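Colleague: I'd like to learn how to read side-chain features in a model like this one. Could we go through a few together?

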Amino acid sequence: DAAEVVFARTLDDQPVSHPPMLCARPDSSNVAFMTVVDDTYTGHVESQTAARRTLPGVSIIKMSVGPMDNNAYLLTCAKTGESLLIDAANDPALLVDLVAEQAPKLELIVTTHQHMDHWLALEAVAESTGAPTAAHPLDADALPVKPARLLAGGEVLEVGDLTFDVIHLRGHTPGSVALALRPAGERTAVQLFTGDCLFPGGPGRTTTPEEFDSLMTGLETRVFDVYGDDTVVYPGHGDDTALGEERPRLAEWRDRGW
């Protein structure tokens, strides 16, 4: 069977609805279930499920957590087994179990920005794994765990043999960051994790014209002007997209103002 299973349960230990493999956790008196990590990756995941994309040198597990369909991303270097978690967003028991089963060498947890729905599981996952956390300094004070590492736009982040560009995109929040996994070997396309700064169909939410202009300018100059159309975009909510899909709409986004 191509699918791997990981144990999962909801925060309040209530049963969750998953297809089709269900069984009790053998070492617990609480009712618990298993959820499939689907190896048929489409870019879409249903609530409280996970899917794995396997690329040369890296595996990417995308899990949807919480009532706002937040995406948590677990990236593992194929050579070293070292992993990075992007946004410990919600459903802490699900994420703790996912990491325990799939990423025993978790090296870092990055929080893309300060909004609560992106860090509700951060304290639990950090405590369970002992992994250090990282965020941009402009958003760090709002987080429940003081970051061990402060990220700056333009710096490079390395996890195993994986190399990420850190991109600071002010607008959705002052300290939002995106991470661009650089190509390596047979992996020729950039894998871009955008938090709430870029989605299929437009930029993330802003509340003033100044914030919108800042975010759009950052996206234009630091993302679309730098990375190619084959760049895969993994947003903080919902389905994946690609820069080539979104590039023709930049002028439309500017004109509509959101």
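Modeller: Histidine 168 is buried, at 13% relative accessible area; buried means under 20%, exposed over 50%, and partly exposed in between, using a 1.4 Å probe and protein chains only. Keep in mind that this is a predicted model, where local features need pLDDT of at least 70 and side-chain atom pairs count only at pLDDT 80 or more, while totals for chains, interfaces and linings use all residues. Residues are numbered from 1 along each chain as its sequence is written, and side-chain values use heavy atoms, with hydrogens and water left out.

Colleague: Which strand is histidine 168 in?

Modeller: Strand β11. Strands (E, at least two residues) and helices (H or I, at least four) are DSSP runs, numbered from the N terminus.

Colleague: And what is histidine 168 in contact with, leaving aside its neighbours within four places in sequence?

Modeller: Contact means heavy atoms within 4.5 Å. For histidine 168, the list includes His136, Leu138, Pro174 and Arg222. With proline 174 there is a specific pairing: a polar atom of the histidine 168 side chain lies 2.7 Å from the backbone oxygen of proline 174.

Colleague: Now salt bridges. How many does a search of the whole structure find?

Modeller: The general idea is a side-chain nitrogen of Lys or Arg within 4 Å of a carboxyl oxygen of Asp or Glu. The search finds 10. One of them pairs aspartate 165 with arginine 182, with the closest N and O atoms 2.7 Å apart. Aspartate 165 is in strand β11 (residues 162-168), and arginine 182 is in the loop between β12 (177-181) and β13 (191-195), so the pair ties together parts that are 17 residues apart in sequence.

Colleague: Is aspartate 165 buried or exposed?

Modeller: Buried, at 15% relative accessibility, whereas arginine 182 is partly exposed at 37%.

Colleague: Which residue forms a salt bridge with arginine 254?

Modeller: Glutamate 220, with the closest N and O atoms 3.0 Å apart. This pair links distant parts of the chain: arginine 254 sits in helix α6 (residues 250-256) and glutamate 220 in helix α4 (residues 209-224), 34 residues apart. Salt bridges that share partners also join Asp213, Glu220 and Arg254 into one network. Within it, glutamate 220 counts as buried at 19% relative accessibility, and arginine 254 as partly exposed at 29%.

Conventions: Polar contact = N/O pair within 3.5 Å; in protein donor to acceptor, adjacent residues only side chain to side chain.
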